[in-house]
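Me: I am new to reading protein models. Can you take me through some features, one by one?

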Amino acid sequence: MKIGILSRNANLYSTKRLVEACIQRGHEVEVIDTLSCYMNITANKPKIHYKGRILNEFDAIIPRIGSDITFYGASVVRQFEMMNVYTLNKSIAITRSRDKLRSMQILAGHNVNLPITGFASSPDDIEDLIKMVGGAPLVIKLLEGTQGLGVVLAETSKAAQSVLHAFMELKANILVQEYVKESNGADIRCFVIDNKVVASIKRQAKEGEFRSNLHRGGTASFIKITPEEEKIAIASAKVLGLNVAGVDILRSNKGPAVLEVNSSPGLEGIETISKKDIATLIVKYIEKEASKQNKKSKNNL
């Protein structure tokens, strides 16, 4: 097959590993800078142009869409879908998962356990919003934040009010969430492929920090998840329509609670700690699903 990887940086660990896995499996592969794609949107012959040529030779696409280019990146993925090219995660699933509020509403609507979460826009509602999530300490999150950026732990009600007022004055969209103290600054990243958890790691925040993201100096270690944690991780990816996802879970007194679902999960931490070849598992999944789609397309001709 000819496989395209939509990535802004060919030197990133995840991109390089996916390229290696494609080559090892005998496929032709090309890294495509998402923002260098431009589109001809027509009813009968939708096309994607890239650096002066038309991209019409791909059997499958692996989207690695960063949060800062979600809108444009999802548009490029959608254009490939219009061209009947198999995409690892669909554009609608990418946009669903990237919008923290929308994804939490969808998960809650399917009875997936979450930390108590509040959303408001008026400073008049701040006091009640804080009570709604169980009071301080609490977590305040920018909807557009990623990798732990735009996430604040407010230790007191007064601090929470100050931060919320400041964000609201800036017209920022924010979520307020209960602080799950019993998690002790740790969460679990479950890597889901094709409705199976293929690997899981525990991420622990460094001392004096509550965010467990590896980009924020957190550490990772192997962890064996419970059947309940496996079930909630699979359900979360499925509900959002993601074939491949990183599902972040907290261990709370009320059972596992989903923090976030990532449509472009990084491979470095999970592969290093689990010693599993996740990139090859992704490529094998693409082989199976792309051939199914291609057969279906031929049958419809």
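Reply: Start with a salt bridge: the side chains of Lys288 and Asp194 meet in one, at 2.7 Å, N to O. Lys288 lies in helix H9 (residues 278-299) and Asp194 in the loop between S12 and strand S13 (196-204), so the pair ties together parts that are 94 residues apart in sequence. This is a predicted model: local features need pLDDT of at least 70, side-chain atom pairs count only at pLDDT 80 or more, and totals for chains, interfaces and linings use all residues. Residues are numbered from 1 along each chain as its sequence is written, and side-chain values use heavy atoms, with hydrogens and water left out.

Me: What counts as a salt bridge?

Reply: Side chains of opposite charge can pair when their charged atoms come close. The cut-off is a side-chain nitrogen of Lys or Arg within 4 Å of a carboxyl oxygen of Asp or Glu. The structure holds 19 salt bridges.

Me: How do I read helix and strand labels?

Reply: They are DSSP runs, numbered from the N terminus: helices are H or I with at least four residues, strands are E with at least two.

Me: Is Arg203 buried or exposed?

Reply: Buried means under 20% relative accessible area, exposed over 50%, partly exposed in between (1.4 Å probe, protein chains only). Arg203 has 8% relative accessibility, so Arg203 counts as buried. Arg203 forms a salt bridge with Asp248, with the closest N and O atoms 3.1 Å apart. Arg203 sits in strand S13 and Asp248 in strand S15, 45 residues apart. Asp248 is buried too, at 7%.

Me: Which residue forms a salt bridge with Arg251?

Reply: Glu229 does, and the closest N and O atoms are 2.5 Å apart. Arg251 lies in strand S15 and Glu229 in helix H7 (residues 227-240). Arg251 is partly exposed at 36%, whereas Glu229 is buried at 3%.

Me: S15 keeps coming up. How many of its residues are buried?

Reply: Eight of the nine residues in S15 (residues 244-252) are buried.

Me: Which strands pair with S15?

Reply: Strands of a sheet pair through backbone hydrogen bonds, either parallel or antiparallel. Two strands pair if DSSP finds at least two bridges between them. Strand S12 (residues 186-193) pairs with S15 in the antiparallel sense, over six bridges. There, Val192 stands opposite Ala245. Strand S16 (residues 255-262) also pairs antiparallel with S15, over seven bridges. Val247 stands opposite Val261 in S16. S15 and S16 form a hairpin, with two residues between them.
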